[in-house]
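Student: Could you take me on a close look at a single part of this protein, the open sheet and what packs on it?

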Amino acid sequence: MNGKPTTRAAGEGSTRTRLDRGRGALGPALELVHTGRAPTRAVLTAELGVTRATAGAVAAELEALGLIRVDARPGAAAGSQGRPSHRLRLAEDGPVALAAQVHADGFRAALVGLGGRIVATAPGCEIVDADPAKVLGSVVDAGAQLLQQTGRHCVGAGLAVPSAVAEPEGTALNPLHLAWPAGAPVREIFAERIHAAGITGPAFAANDVNLAALAEHRHGAGRGARDLLCVATGHRGVGGALVLDGRLHTGSSGLALEVGHLTVNPEGRPCHCGSRGCLDVEADPLAFLTAAGRDPGPEVSLLQEANDLIRDQYADPAVRTAAEALIDRLGLGLAGLVNILNPDRIILGGLHRTLLDADPERLRAVVADRSLWGQSGGVPILACTLDHNSLVGAAELAWQPVLDDPLAALTPR
């Protein structure tokens, strides 16, 4: 040592200081890019309320973590003035989450990157065993093969099931349309299979419609809504979910919004819950096919068969009459929910999306006529826009720890 002070590369100290100040902004910054709300560094700076230098340091750190890419040579937009801002995009070759979904007609696994982008899917299986451990083992094996084939780093795994999932236990309380026992510990089983397959990261499980709502709120038809109500058919039954201020409202123990058991036809079909005329059995694919006089065949799922029938044969009087009956019952249920929840947007998925597309004015008129607030302005009713939104939502569960704290989630311990 010659006694001279050690010199740093120009700007090194100031860059580190800016990053230290902005470290708490890494998660919020990543969420802004993840949800498409910060396409440029200028927008990121404004949304975070930090200096340009701090936003630059935050973006550079997210890029170093392999999560985003910063375009250092952006082109100025036509007619724009001033210095163009660096564009931000999600890393196409970045980490992924393993998403799994089980429903009455099968199961599927996929890899989902940031932004809700499905990177790879495994062929779906059309048989669901009565033993949840066998089913979850098979879907995890399919996901593990995808990870091996793609070579992607996995941040964690999420599972969507057609049942209310009680918290904090992670048990499927009412898998009515599966032959699983009530109270099956699906999250524990899923986590065990994930870790046995050598897949790193935490494992989560939740109701499929809750996850569809979360995905649509972040990436689809629900983006920008403050109080979002989602109602959807699965392959069997009807589910609902509510997103409040960007967070799923699941109640005190994960069981909120069991909309499938609203009574919409007191003299209607017996329901699995012991009641009669519930939305679950009056407005799902099986109810529609039965009302239309069609015997469900084994070739395709009930949901696909019902959707195809409406799209291809709506002019058939029997099909149209059955569809109108389901629309009226769905509208009655939605009106009751509007009266209680006062959402600023409703989105519909599954068969309900197809019914909305077939006759949007009828459904909106029923809701407006039956709800207290509908007459004075109405609530926008839109179709879900994401394919496989429950899978994307399952991935959102696994991505959430990364969105909360990217450094802690991705830095090896």
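Tutor: Happy to! Two strands pair if DSSP finds at least two bridges between them, and strands (E, at least two residues) and helices (H or I, at least four) are DSSP runs numbered from the N terminus. This is a predicted model, in which local features need pLDDT of at least 70, side-chain atom pairs count only at pLDDT 80 or more, and totals for chains, interfaces and linings use all residues. Residues are numbered from 1 along each chain as its sequence is written, and side-chain values use heavy atoms, with hydrogens and water left out.

Let's start with L159, which stands opposite A205 in strand 9. Strand 6 (residues 154-161) and strand 9 run parallel and are joined by five bridges. In the open sheet, five strands follow the order 5-4-3-6-9, with mixed pairing. Strand 5 (118-121) and strand 9 (203-207) are the edge strands, each pairing on one side only. From one strand to the next, the twist averages 25°; axes here are lines fitted to C-alpha atoms, for helices over the stretch in contact, and angles run from 0 to 180 degrees between N-to-C directions.

Helix 7 (residues 208-219) lies across strand 3 (96-103), strand 6 and strand 9, and runs at about 100° to strand 9. Helix 14 (residues 389-404) packs on the sheet too, touching strand 3, strand 4 (106-112), strand 5, strand 6 and strand 9. The direction of helix 14 makes about 140° with that of strand 3.

Conventions: Contact = heavy atoms within 4.5 Å.
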